[in-house]
Each structure stands twice: as C-alpha cells, then as structure tokens.
Amino acid sequence: MTYDTMNHSVVKGGVIFFSAGMNLAISVGWAKFGLMGTSKHFCNSWLIGVIAGTILSTVLRRFLSKTVLWIFSSILILTAGLIFTAVPDNYDALLAGRYLNGIGVGLAIISFIMHASEIAVKKHRGRCLVVEQFSMSLGIAVQMIYTSNWKDEWAFSTYRLHGILEIILAFLGVAALIFFIESPIDQIRWGNDHAALKCYAKLRLIDSHSKEAYDLLSMGKVYVNEEESLTFGASFKRGILPLVKMLLFRSIVVALCFSLPFSAAFKYSALQNGTEWVVTVAACGRILGAVCVIYLVDSVGRKTTSMLTMFIAAAMLIGLGPLFSRLSSIEDTSNMATATYLCTWMQFAVGYFTPFTSVYLGEAFPLLLKPYFIALVVIGEQLVHIVLISTISFDLSLMDHGIIIAVIFLISCFTMPETKNTTLQEAQQKFRKLFNVGRN
C-alpha cells in the first residue's frame with residue numbers, strides 16, 4: 001500500500017517522460033521526415049529545447065513550486081501537440097513544436113528526480129525513480145512501432161498522430177496532479193513541520209499524529225539539517241566525484257546506446273532483409289527490459305544487473321561495427337541479417353539498463369547542489385546526442401561507441417556503488433568513495 005501511494009504521486013512524471021521518449025526517438029531517426037529530409041536542425045531542436053528547459057528550471061524552482069512547474073510543462077507539451085496536429089506538413093511549425101516540447105520536458109526533469117527520491121522509503125526508492133527512463137522507453141517504443149509500420153506516402157500523418165498523442169498526454173499530466181503529494185523534505189526545508197507530517201501521513205498511509213509520523217519527521221529533519229549545514233564548497237566537494245561518475249554512466253552511455261548512428265544501422269539492415277517488422281519486436285523487447293527492472297531494482301539491486309546489460313550493449317555495438325565498415329559487408333544480406341538480430345536484442349539490454357541511471361541520478365548528489373548536478377548530467381546527455389547527430393554523415397562508428405561503453409563499464413565496475421536498501425545519506429556516502437567493490 002505504501003508503494004502504491006508513492007507510485008501514484010509520480011504518475012505525472014511518467015506522462016511527461018512518455019512524451020519525451022517519443023520526441024527523443026524522432027531525434028535519433030525514428031520518424032517519417034517526408035519532404036523535410038533528415039534535417040539535423042530538426043533532430044537537434046528537441047534536444048536543444050531540453051537543455052534550455054533544464055537550465056530554466058534551475059532558476060524557476062527557486063520561486064515556483066513543483067506543481068506549478070509541472071503545469072507549465074503540461075501546457076508546453078499541449079501546445080506542441082496542437083501544433084503537430086494542426087499543421088503536420090509545415091516544417092517551421094513542427095520545429096517550433098519540437099522546441100516547446102523539449103523545454104517542457106526540461107522544466108520537469110529535475111523536479112521529478114528530486115521529488116521521487118525524497119518521497120520514497122528506501123526499500124521502494126528504486127521503483128519510484130525508474131519511472132523516468134521506464135516512461136522514456138515506452139514513448140520510444142511507441143514511436144518506433146508506428147513509424148516503422150507507416151506507409152511512406154502517409155509520412156506527414158505520423159506527425160498528426162504524434163500531436164494527438166501529445167495532447168492526450170498533456171491532459172493526463174494535468175489530471176495526474178490529483179494524485180500528487182508534496183515532498184516532506186521540501187516542507188521541512190521551508191520550516192513547515194505540520195505540512196511535512198501530513199505529507200508523511202499521506203505517503204505512508206498513517207495517522208499524522210502517530211509516533212511513526214513523528215519519527216519520520218525527525219529523520220527527515222536530521223537529513224535536511226545535515227545537508228544544509230554544509231557550505232557551498234563542502235557540497236561541491238561531495239558532489240564532484242559522483243558528478244563524474246554520472247556523466248560517464250548516464251550522459252555518455254545512455255546517449256551512445258540509443259543514437260542516430262545506431263538507428264540508421266538498424267533501419268538499413270531491416271530494410272535490406274525485408275524485415276521491417278523486426279523493429280516492432282525490438283520495441284516490445286525494450287519495454288520488456290524496462291518492465292523487468294521495476295520488479296528487480298529493489299530486490300536484486302542496482303549494480304550487478306546494470307553492469308551486465310551495459311556490457312552486453314557494448315559487445316553488441318562492437319559486433320555491429322565491422323558489419324558496417326565496408327561497402328561489400330553492407331551489401332551482404334547475411335551480414336545485414338546478423339546486424340538486425342544484434343540490434344533487436346540490444347533494445348532489450350538498453351531497455352533494462354537505462355532505468356538504473358534514473359535511480360543513481362536521484363541518489364548520487366548532496367541536497368543543496370543536487371538540482372544543479374542533475375542538470376549538468378541531463379545537459380551532458382543531450383550534448384552527446386547533438387554531437388552524434390552532427391557527425392552522422394562522416395562515419396557510423398558503432399564500434400567506437402561500443403569501445404567507449406566497454407571502457408566505462410570497466411571503470412563503473414570499480415567505482416559505482418550498490419545502493420539497494422540504503423537511505424539517501426548512505427547512498428551519497430557510497431558515491432563519494434572513489435572505489436566501490438564487492439557488496440560495499
């Protein structure tokens with residue numbers, strides 16, 4: 001019952017990031033571009049919007065509540081959906097819609113990660129935080145499925161369908177605020193202990209005057225007092241090593257695992273073999289991987305299985321590299337069949353891996369500078385995507401991507417902590433250690 005209450009409170013974020021997944025898929029090539037061609041500006045526009053929205057949110061969150069930020073986010077997503085629905089054949093209008101959606105997603109992501117990490121009990125924190133990348137995977141899968149099965153002559157209609165889905169998601173996002181419960185940590189920081197008690201009571205389904213509620217308030221105050229007693233320099237020192245770890249683990253690996261070069265390779269190999277249907281299978285595999293994480297993240301743990309799937313993704317990208325290195329190899333149907341199967345299985349691995357990055361992102365940083373460190377990681381991820389999109393014409397370089405992930409895998413094996421069933425303070429202490437080997 002406790003987990004269900006917390007889960008309802010993060011529904012809003014799930015709706016927003018479903019929309020984000022669809023738009024990210026467009027950025028990395030899962031769209032019918034029609035007369036627009038594969039415009040790099042069109043691909044990058046949403047990513048730039050996310051960067052702008054993320055930066056803006058670090059400023060606005062000082063003055064506006066999470067609820068207000070999420071309402072603004074829904075309005076921007078709704079506006080983008082209306083544009084896509086009304087003028088699906090107008091390049092400039094669609095470009096504006098992409099920017100608006102990206103800004104809307106950027107406005108929400110920091111608040112969501114912080115909120116999910118603060119409202120959850122330690123034994124269910126993983127399930128709350130995976131909502132971000134789980135929902136992204138759902139959106140990516142939907143975008144992959146309907147664009148890969150759409151007839152080319154109906155290219156512009158895919159944008160109208162995309163717009164209709166965004167309108168629905170925007171309304172669902174506003175409706176989801178009914179289930180929203182404020183963070184008790186926020187209330188403690190604002191000096192409102194009475195409101196914090198009510199938040200704990202709603203989240204845990206207990207009486208706000210019970211001993212359990214007061215014990216939770218006491219623990220929350222200890223956490224806030226410890227964090228707020230730190231100077232800027234001390235907070236920065238505590239956060240810099242976790243930041244480096246998360247830039248590698250989240251920003252680089254996630255972007256390399258689902259990129260424009262990878263999508264181009266997947267679509268080409270499937271087309272060469274007349275097996276466009278396999279994209280639907282791969283999309284379903286990505287959803288299946290993400291679903292598995294929900295049930296395993298707080299029981300099996302974070303580190304071992306995320307490391308395993310990162311290794312699998314690296315191995316598959318390294319295996320794909322030689323298949324696209326020469327013209328003779330690209331024209332070989334047997335090689336392209338192998339490439340198709342590798343890409344398909346890789347989607348399951350990536351669907352399984354990425355939700356763990358959401359969990360670690362919510363656990364890694366000290367409270368005072370947490371929004372700024374999260375912003376840097378999110379911005380870093382978008383910048384990697386932009387670089388990959390901007391250099392797609394020179395080389396698919398899938399082997400290079402796999403080697404980079406393999407190197408990060410080796411580093412992460414020794415540096416990333418296991419944070420299952422820990423408090424936020426305990427998780428942060430583990431992140432501050434350079435080496436985390438064994439059960440730590």
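Me: How much space lies in the largest cavity of this structure?

Reply: This is a predicted model, in which local features need pLDDT of at least 70 and side-chain atom pairs count only at pLDDT 80 or more, whereas totals for chains, interfaces and linings use all residues. Residues are numbered from 1 along each chain as its sequence is written, and side-chain values use heavy atoms, with hydrogens and water left out. A cavity is, on a 1 Å grid over the protein atoms alone, a set of points where a 1.4 Å probe fits but cannot get out, and a volume is the space filled by probe spheres set on such points, which are joined across faces, edges and corners. The structure holds three cavities of 30 Å³ or more, and the space in the largest cavity comes to about 100 Å³.

Me: Which residues that line the largest cavity are the closest to its centre?

Reply: Lining residues are those with an atom within 4 Å of a grid point, and the largest cavity has 14 of them. The closest of these to its centre are Trp-46, Ile-109, Glu-132, Met-136 and Gln-382.

Me: Which helices each supply at least two residues of that lining?

Reply: Helices (H or I, at least four residues) and strands (E, at least two) are DSSP runs, numbered from the N terminus. By class the lining of the largest cavity holds nine nonpolar, two polar and three charged residues, where Ala, Val, Leu, Ile, Met, Phe, Trp, Tyr, Cys and Pro count as nonpolar, Asp, Glu, Lys and Arg as charged, and the others, Gly among them, as polar. The helices that each supply at least two of its residues are α2 (11-27), α3 (40-60), α5 (91-119), α7 (131-148) and α18 (370-390).

Me: Which helix gives the largest share of the lining of the second largest cavity?

Reply: The second largest cavity, with a volume of about 50 Å³, is lined by residues that include Leu-24, Met-136, Ile-140, Arg-286 and His-385. At least two lining residues come from each of α7, α17 (333-363) and α18. The largest share, three residues, comes from α7.

Me: Which helix gives the most to the lining of the largest pocket?

Reply: A pocket is an open set of grid points with protein on both sides within 12 Å along at least five of seven lines, and the largest pocket has a volume of about 430 Å³. Of its 18 lining residues, the closest to the centre are Ala-120, Arg-204, Met-219, Thr-423 and Gln-425. Two or more lining residues come from each of α5, α10, α11 (211-228) and α20 (424-432). The helix that gives the most, with four residues, is α11.

Me: How many Å lie between the end C-alpha atoms of helix α10?

Reply: The expected span of a helix is 1.5 Å times one less than its number of residues, so the 12 residues of α10 (residues 193-204) should span 16 Å. Agreeing with this expectation, the end C-alpha atoms of α10 lie apart by 16 Å.

Me: Is Leu-205 buried, partly exposed or exposed?

Reply: Leu-205 lies in the loop between α10 and α11, and its phi is near 60 degrees, a positive value in a residue other than glycine. Buried means under 20% relative accessible area, exposed over 50%, and partly exposed in between, with a 1.4 Å probe and protein chains only. Because its relative accessibility is 45%, Leu-205 counts as partly exposed.

Me: Which residues does Ser-19 touch, not counting residues up to four places away in sequence?

Reply: Ser-19 has its place in helix α2, and it is buried because its relative accessible area is 0%. Contact means heavy atoms within 4.5 Å. With those neighbours in sequence not counted, Ser-19 touches Ile-77, Asn-101, Glu-166 and Leu-169.

Me: How far apart in space are Phe-179 and Lys-12, C-alpha to C-alpha?

Reply: Phe-179 has its place in the loop between α8 (155-175) and α9 (184-189), and it counts as partly exposed because its relative accessible area is 43%. Phe-179 and Lys-12 are 167 residues apart in sequence, while in space, C-alpha to C-alpha, they are separated by 8.4 Å.
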